[in-house]
Every structure is written in C-alpha cells, then in structure tokens.
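What can a model tell us about both?

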Amino acid sequence: MPNNPLKVACYGEILWDVFPDKKHLGGAPLNVALRLHSFGVDVAMISTLGNDALGKEALAEIKELGLKTKNIQRNDKPTGQVTVALDKKGVASYEIGDNAAWDAIAWTEDNVAAVTNADALIIGSLVFRESVNLDAMLLDTEEEITPPVNLEAIEVLIERSKFTVFDLNLRAPHYDLEVVVGLMEAADMIKLNDEELELVVLAMGIEAETLEDELKMLSAMTETPTVCVTLGSEGAMLLHKGGIHTQVGFKTKVADTVGAGDSFLATLVFGLLSGETADDALEVACAMGSLVASKAGANPTVHNDEVNDLLDDV
C-alpha cells in the first residue's frame, strides 16, 4: 500500500438506474468512484447533474456517501435516467435517456487540476455519445454546429493524465467505433468484456486463434500495454507488462449484474496502482465483481471479510 492515499479522477455520467420497483444512483464512472472511495482513495468525480429534483437528490446522496462533489456541476438539462430490465439470470439491459445533463460537462480549470494531480484518470465511452450523431448534424448546414464538448475536453485531460484507464462499457447505439478506437489508442489501460472484445476485434480486423492472442494484438495495435477482458462467470484475463494472467470466476447467486464490472475495474486499478502483483489484483477484482453481482444495485456495501471469506474458500 502507498503511504499517501491514491488520487483518481473519474470522468463521465452520473444517473439514476430505474428498476421496476425502485431507483438506484449509478453511472459507470460514479460506480467506479464510489468503490475506489470505499478503499480510501481520494476521488474526484467529474460530471454534471441537472438543476432538477433528481439532480438535487443525487447530489445529496453522493455527499452522504462521503464522495467529494467539488467537480460535479449543475446545468439545465435533465439529470440522466436509465431504465434497467433484468432477465431471469439477473443480467441487465438498459434503455438510456437522451440529452442528459452529463452530455455537456462544462470545461473548468478545477477539472484540469483534478486530473493533473491524480494518479489515474478513468473514463468510459457513454459520456462521449454526442459524437455519434455529429455526422448527421453536419448535413444541416443552416445551423451552427456545436462540437462535442466532452470529447474535446477529454483530449486535453488525457494529455494531463499520468495514467488513463478506458473502460469501453459500450451501450448500443450510444457509441462511435472510431471514437472508441481513438480512446483505446490514447489510454494506458483498456478494460472491456468478452462481447465488447468480439466487436472490437471484428472492427479492427484482428485475426487470432486464442483469447490471449486477441489481447496481445489489441495491445499492439493500440499501443496500450495493459488490457483486461472480463468473461462473466468465467472470470477474467489480463495482459500486463507483457505477461498474461488469468483468473477463474467465483460461484455466486446473481441478484443483478448492474455495476459488477465497475467494481471489478475499481478493485483491479486500485490493486495495480497500490503495487500488488497482477495475479493478486486480478483475483481480488474478480471476487469483488462476484460479490457485487450477488447484491442488488450498482453500489452495494461489500465488507473486507466478505472478500477474504470468498478468497479463502478457493
């Protein structure tokens, strides 16, 4: 463990996951931020909420959870909402509302400072969805086109970042593969799931016989030294410092999968930045992801004893 607390900046959406019976605070970058905060990390959450009742409620809950809100802005767009549907196995699908507050995170020097001072910057793809319809907008030459503000901002923030982690977190149709590839090339670490890997491999023309070779070729083509793919109940595989590390999944009764990958990522990044071996960091990350999937909502409380008990049972 480092002597001083790690500092991490998370950039992206804050929203409400609306389930059939209740709503939970969420958004992948916020889920990552909250899990890192639970580890004692000094987290800067860079996002925007609406000036509506849902935004006020979200900000109050974030403060109650102890996360700093200095870099959370407000604007007149609606606070983001996502309708979540669960299948019989607890696997989630999402319907994401358009034109949300987090689609326009205003540029501030505070955001630049937060990223510059952080040990890592963590981003996903959803916050850059405004680029998806840019080509269509450009066809209308009678109106002035506003460039994608989040995408413009992240280019500068990545330049200031010591270590950039890109979690693809693709949600159709809210992504542009050209933008996704560009972000992978700019990142120092890529995290994606097996379905996303299959899509990216196809789009980039990667031909490989094994999963291991796919990760190596993706790493080479994007010049990204660390690449991790999650495999659902089967565990995960990590390419790090030229070596391949694998971890089998932990058996669990799934409540819902919402946020499990985010807690996995937070735990993995925390482990690697804290100097843990890649094998140890990957094992604990898989355990954390499994425990989160066994509980309702994206940000359930997970105690160290629960993680240790799961690891001891192996």
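Predicted model: local features only at pLDDT ≥ 70, side-chain atom pairs only at ≥ 80, totals over all residues.

**The largest pocket**

The largest pocket has a volume of about 1,400 Å³. Its lining counts 49 residues. Which of them lie nearest the centre? They are Asn-193, Thr-230, Thr-257, Ala-260 and Gly-261. Several elements each give the lining at least two residues: the strands β2 (15-18), β7 (92-96) and β10 (189-193), and the helices α1, α7, α9 (260-273) and α10 (278-293).

**The cavities**

Searching the whole structure turns up 3 cavities of 30 Å³ or more. The largest cavity has a volume of about 70 Å³. Among the residues that line the largest cavity are Glu-13, Pro-29, Ile-122, Asp-167 and Leu-265. Helix α1 (28-38) and strand β8 (120-124) each supply at least two residues of this lining. By class, the lining of the largest cavity has 6 nonpolar, 2 polar and 2 charged residues.

Now turn to the helices. Two pairs are set out below.

| Pair | Angle | Distance between axes |
|---|---|---|
| α7 (194-204) and α8 (211-222) | about 55° | 11 Å |
| α9 and α10 | about 155° | 8 Å |

Start with α7 and α8. Their angle is about 55°, and α7 and α8 are therefore oblique to each other. Their crossing is left-handed. In α7, the residues in contact are Leu-197, Val-200, Val-201 and Met-204. Their partners in α8 include Leu-211, Leu-215, Leu-218 and Met-221. The contact of α7 with α8 holds 8 nonpolar residues, 1 polar and 1 charged.

Next come α9 and α10. Why do they count as roughly antiparallel? Angles over 145 degrees count as roughly antiparallel, and α9 and α10 pack at about 155°. So α9 and α10 are roughly antiparallel to each other. Their crossing is right-handed. Helix α9 brings residues including Ala-260, Phe-264, Leu-268 and Leu-272 to the contact. From α10, residues including Ala-278, Leu-282, Ala-285 and Val-292 meet them. This contact of α9 with α10 has 13 nonpolar and 4 polar residues, but no charged ones.

One residue links two parts of this report. Ala-260 is among the residues nearest the centre of the largest pocket, and Ala-260 in α9 also takes part in the contact with α10.

Terms used
Residues numbered from 1 in each chain as written. Heavy atoms only, no water. 1 Å grid on protein atoms, 1.4 Å probe; cavity = no way out; pocket = protein on both sides within 12 Å on 5 of 7 lines; lining within 4 Å. Points joined across faces, edges and corners; volume = space filled by probe spheres on them. Helix = DSSP H or I, 4+ residues; strand = E, 2+ residues; numbered from the N terminus. Nonpolar A, V, L, I, M, F, W, Y, C, P; charged D, E, K, R; others polar. Axes fitted to C-alpha atoms, helices over the stretch in contact; angles between N-to-C directions. Parallel < 35°, antiparallel > 145°, perpendicular 65-115°, else oblique. Left-handed = near helix turned anticlockwise from the far one by under 90°. Contact = heavy atoms within 4.5 Å.
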